[in-house]
Amino acid sequence: MNVDIRVAVAGDELQKRLRLAAGLLQAHKIEGSLRPWDGTRCDCAIVAADDLYGERIQDYARRKQIPVLAITRANDRFDPDTATIGEHAPLNVYVRALLNLLKAEAEPAEPAQATAASVTSRTPGIIVLAQALSRPSSDLVMALDGVELGICPSTGTIRAASSEVMLQARQLLGQPGWQLREASGGALANGHSESLDIFMIRAGIHHGEALPMFPLEGSRMKCWPDLGAAPDLIEPLRVASLLAKGHRDLQKVAGLTGIEPVQASGILWGFQAAGLIVPDQQKMPSPHPKTASNDRLPAAGLFQKLAARFGLFQKAS
Amino acid sequence: MQDINSSAVKLVIAGPVGAGKTTTIRTLSDSEPVSTEMPMSEPAMGDKTTTTVAFDFSTVMLDDGQPLFIYGLPGQERFEHMWSIVLEGAFGVLLVLDASDERLQEECEGWLAAIEKIAPGTPVVIGLTKTDLLAKPDLRSLRANLAEQGLVLPVFSFDARDKAQANHMVRALLASID
Ligand SMILES: Nc1nc2c(ncn2[C@@H]2O[C@H](COP(=O)(O)OP(=O)(O)O)[C@@H](O)[C@H]2O)c(=O)[nH]1
Ligand SMILES: [Mg+2]
């Protein structure tokens, strides 16, 4: 279905968000084109709720029976009764609002594929994924309304339609309602791709405070995260080094890293959502404890000097 | 040149030719690394002949002016007998490998085995360069294979030309021995 959406609102950020949202309608088999309002026939209009021009368009559109979405500064929600949406509402809410306006069903594009899904209504997306990736997994697609992420655990990459969608998705991963399904061949193959580890750790840090405490007892770090391209992620590096040494107490890990337990917990959710943490019962060969070679370790004072020179204890800004 | 076996603080950057060792050393250093020469005795045809071996060397100043010596460990097979001299007393090894090399897995295992044999217990982190050149980057196979052998160590993809990323490799090494 092609839909013609006319826009009568200003602001680069808002325009960008509307373009992204219109693009994401594709997941619902809708080709949305955005053009400036010019008073001609269209499928829906988007106006500012709080200005006169917007009100005039609303009156006109009502007479012509064109559905209108009004953007308000009053809140960040979508109200289907008044067809108003908060300017700063997240991307998926914009998608939902457009679908509602166009009377389209907010269904996943390929409902038949949703069998592998664990649709857990109240669980935040990052935890849904963390649970799925605590076992070996094939490639997955996770979606919230039209926002889609392709997760590829075998190569350690994550994909989205564009870097903007990727960023939006990261901000939405703390929300419930994400659906997970197995990827059918070539899902999101042409989009923007990033390191799964780094993406999920940043998501975990972003949402840490809103998530339950990570259950670290009974878990084990299977591999170090690949943090090479993220030199700002110093605390996750230190958390990983503590897990590699066998630490299993969240409070202690946080204390030794010098961060709050919720922050450590967020980092750990990120590790698990990248498939790096597995249940401990799963009997994998335990890591060789490197034959203690204390003669090799630089003396404590020296270690501090090296750590200072290379910024190991520097606070992430 | 300072005595390579003094009690100096020593970091070794190892890896095959073309992986990015010299670039890493340059990126980490305050000053341009020098390629320095070391006389080597090697048993050849029953005779002892002397040859010189070139390798990268550079210093980084720590806070109180104490130098950290960084050595490049050359990959040529025939210089293996100098590895023990270079590795002696190093607090760790950054093993630099070219991610676009088809023989990545074998290279990695070969180097890890050699380091473990010559300087057992030396902490190692692996830095994979040139992932930017890969059409379909696979950031995981090597790491997963090592984990299957019970080797859980940092395997980071980094760009040897990027100072922050090269520094981060050294942090990973320090964090893993702390
Ligand atoms: N594209 C790319 N080139 C790199 C990277 N790291 C190193 N190089 C290049 O690889 C080449 C070989 O590096 P070099 O340091 O001389 O390798 P060495 O033989 O191990 O000392 C140089 O041209 C570097 O600029 C990387 O991450 N990406
Ligand atoms: Mg070189």
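A salt bridge is a side-chain nitrogen of Lys or Arg within 4 Å of a carboxyl oxygen of Asp or Glu. The exercises below use that cut-off on a predicted model.

**Exercise 1. Salt bridge within chain A**

Task: Decide whether Asp38(A) and Arg6(A) form a salt bridge, and state which parts of chain A the pair ties together.

Solution. 
- Step 1. The N to O distance between the two side chains is 2.8 Å. The cut-off is 4 Å, so the pair of Asp38(A) and Arg6(A) counts as a salt bridge.
- Step 2. Arg6(A) sits in strand 1 (residues 2-8) of chain A, and Asp38(A) in the loop between strand 2 (31-36) and strand 3 (44-48). The pair therefore ties together parts that are 32 residues apart in sequence.
- Step 3. Arg6(A) is buried at 6% relative accessibility, whereas Asp38(A) is partly exposed at 48%.
- Step 4. The structure holds 17 salt bridges over all chains.

**Exercise 2. Two further pairs in chain A**

Solution. 
- Step 1. Glu87(A) belongs to the loop between strand 6 and helix 3 (91-101), and Arg73(A) to the loop between strand 4 and strand 5, 14 residues apart.
- Step 2. Glu87(A) has 19% relative accessibility and counts as buried. Burial requires a value under 20%. Arg73(A), at 68%, counts as exposed.
- Step 3. Arg96(A) is in helix 3, and Asp145(A) is in the loop between strand 7 (140-144) and strand 8 (147-152), so parts 49 residues apart in sequence are tied together. Arg96(A) is partly exposed, with a relative accessible area of 38%.
- Step 4. Salt bridges that share partners also join Asp4(A), Arg6(A), Arg35(A) and Asp38(A) into one network.

**Exercise 3. Positive phi**

Task: Which phi values do Gln65(A) and Ala83(A) have, and is each residue buried or exposed?

Solution. 
- Step 1. Most residues other than glycine have a negative phi.
- Step 2. Gln65(A) has a positive phi near 60 degrees. Its place is the loop between helix 2 (52-64) and strand 4 (68-72) of chain A. Gln65(A) is exposed, with 69% relative accessibility.
- Step 3. Ala83(A) has a positive phi of about 55 degrees. Ala83(A) is found in the loop between strand 5 (78-79) and strand 6 (84-86) of chain A. Ala83(A) is buried, with a relative accessible area of 14%.

**Exercise 4. The fold of chain B**

Task: How many helices and strands does chain B have, and in what pattern do they follow the sequence?

Solution. 
- Step 1. Chain B has five helices and seven strands. Their pattern along the sequence is β-α-β-β-β-α-β-α-β-α-β-α.
- Step 2. Of the 178 residues in chain B, 55% are buried.
- Step 3. Taking contacts in chain B between residues at least 6 apart in sequence, 66% join residues at least 24 apart.

**Exercise 5. The interface between chains A and B**

Task: Describe the interface by area, contacts and the makeup of the chain A side.

Solution. 
- Step 1. The size of an interface is often given as the accessible area lost when the parts come together. Here chain A and chain B bury about 4,100 Å² between them, 61% of it on carbon and sulfur atoms.
- Step 2. The contact involves 48 residues of chain A and 48 residues of chain B.
- Step 3. Three salt bridges run between chain A and chain B. One of them joins Asp197(A) and Arg140(B) at 2.3 Å, N to O. Between the chains, 16 residue pairs are in polar contact.
- Step 4. On the chain A side, the elements giving two or more residues are helix 6 (196-207), helix 7 (234-244) and helix 10 (300-310). Helix 10 provides the largest share, eight residues.
- Step 5. By class, this side of chain A has 27 nonpolar, 13 polar and eight charged residues.

Technical notes. Residues are numbered from 1 along each chain as its sequence is written. Chains are lettered from A and ligands numbered from 1 in the order in which they are written. This is a predicted model: local features need pLDDT of at least 70, side-chain atom pairs count only at pLDDT 80 or more; totals for chains, interfaces and linings use all residues. Side-chain values use heavy atoms; hydrogens and water are left out. Contact means heavy atoms within 4.5 Å. Buried area is the accessible area (1.4 Å probe) that two parts lose on being put together, summed over both. A polar contact is a pair of N or O atoms within 3.5 Å; within protein, one must be able to donate a hydrogen and the other to accept it, and residues adjacent in sequence count only if both atoms are side-chain atoms. Helices (H or I, at least four residues) and strands (E, at least two) are DSSP runs, numbered from the N terminus. Ala, Val, Leu, Ile, Met, Phe, Trp, Tyr, Cys and Pro count as nonpolar, Asp, Glu, Lys and Arg as charged, and the others, Gly among them, as polar. Buried means under 20% relative accessible area, exposed over 50%, partly exposed in between (1.4 Å probe, protein chains only).
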